[in-house]
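Work through the exercises below with the sequence and the model at hand. Each task is followed by a worked solution.

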Amino acid sequence: MNEDSMKELERLRKQISQQEKMASLGLLSAGIAHEIQNPLNFVINFSKLSCKLLQDMEDVLDELESKLPADADEEIREIMDDLKDNMCKIEENGNRASSIVRGILLYSRGKDDEYIPTDLCQLTKEYVWLSYHAVRANNKSFNVAITEEYDNTLPQVKVIPQDFSRAVLNLMNNACYAVFSKSKGVSTNPYSPTIRVKLAKDGDRVRLVIEDNGLGITKEVKEQLYTPFFTTKPVGEGTGLGLSITKSIIEQKHNGTIEMESEPNEFTRFTITIPIQ
């Protein structure tokens, strides 16, 4: 066996080892997700109860208004308004977290081909920011401006939520990696890492665009972009399966298309389209 074959064998061995770790992590994540669901329900329910108590308190204040100094009444109401805003944010983000947990549980239970009418704007937004926070958790110095455009007139679309969300996550992870890698190599010229996300109706289809101003993709890489196990990332940072899985999810499971445009060191733009019906 020559030296090149040995290197390729070692690379494949490391990739398989990484995949085994990811599979174990997936099982662990499913268990954690199941345990998280109960306290999440408590957070959501008690935020609703707290809002109701604040409303009751406001009713009591209305009855006591003539007995309280005007400045004290105004201060109390301002505090109550702030508490209401806080409760609404807790409930909103609790629901977002609960939605992510449900997606993990659906996937872990093997319901791979269950097509469900889905609010794609909400689902996409959830996983765009899930990707961002995941990268931030591992790299505190990472930062990027994310601009989002969502078509609020878009009807619900039948998709496999856990698969479509995985496609969004894969593309966002790549975009974050591209801008982060470029930012580490820029020392003189100012560089503002930016990712643009746009989801809109396009005739009888939905079009999702995820574009970054990161490293870009060379012609040589483009030719192998969707090849399973091909990756430009260091060993341990990527399995080389993300884009091949994304292509399969969009083209085979959702009868859609995935296209890529890129200029080295300028931008990379992925465009996904799937039929609404």
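**Exercise 1.** State what share of the residues of the protein counts as buried.

Solution. Buried means under 20% relative accessible area, with a 1.4 Å probe and protein chains only. Of the 277 residues, 34% count as buried. The model is predicted: local features need pLDDT of at least 70, side-chain atom pairs count only at pLDDT 80 or more, and totals for chains, interfaces and linings use all residues. Residues are numbered from 1 along each chain as its sequence is written, and side-chain values use heavy atoms, with hydrogens and water left out.

**Exercise 2.** Give the strand order of the open sheet and explain which strands stand at its edges.

Solution. Two strands pair if DSSP finds at least two bridges between them. Five strands form the sheet, in the order 2-4-5-7-6, with mixed pairing. Strand 2 (145–150) and strand 6 (257–263) each have a single partner strand, so one side of each lacks a neighbour in the sheet. Within the sheet, strand 4 (residues 194–202) and strand 5 (residues 205–212) run antiparallel and are joined by eight bridges. A200 stands opposite R207 in strand 5.

Technical notes
Buried < 20%, exposed > 50% of the residue type's maximum accessible area, 1.4 Å probe, protein only. Helix = DSSP H or I, 4+ residues; strand = E, 2+ residues; numbered from the N terminus.
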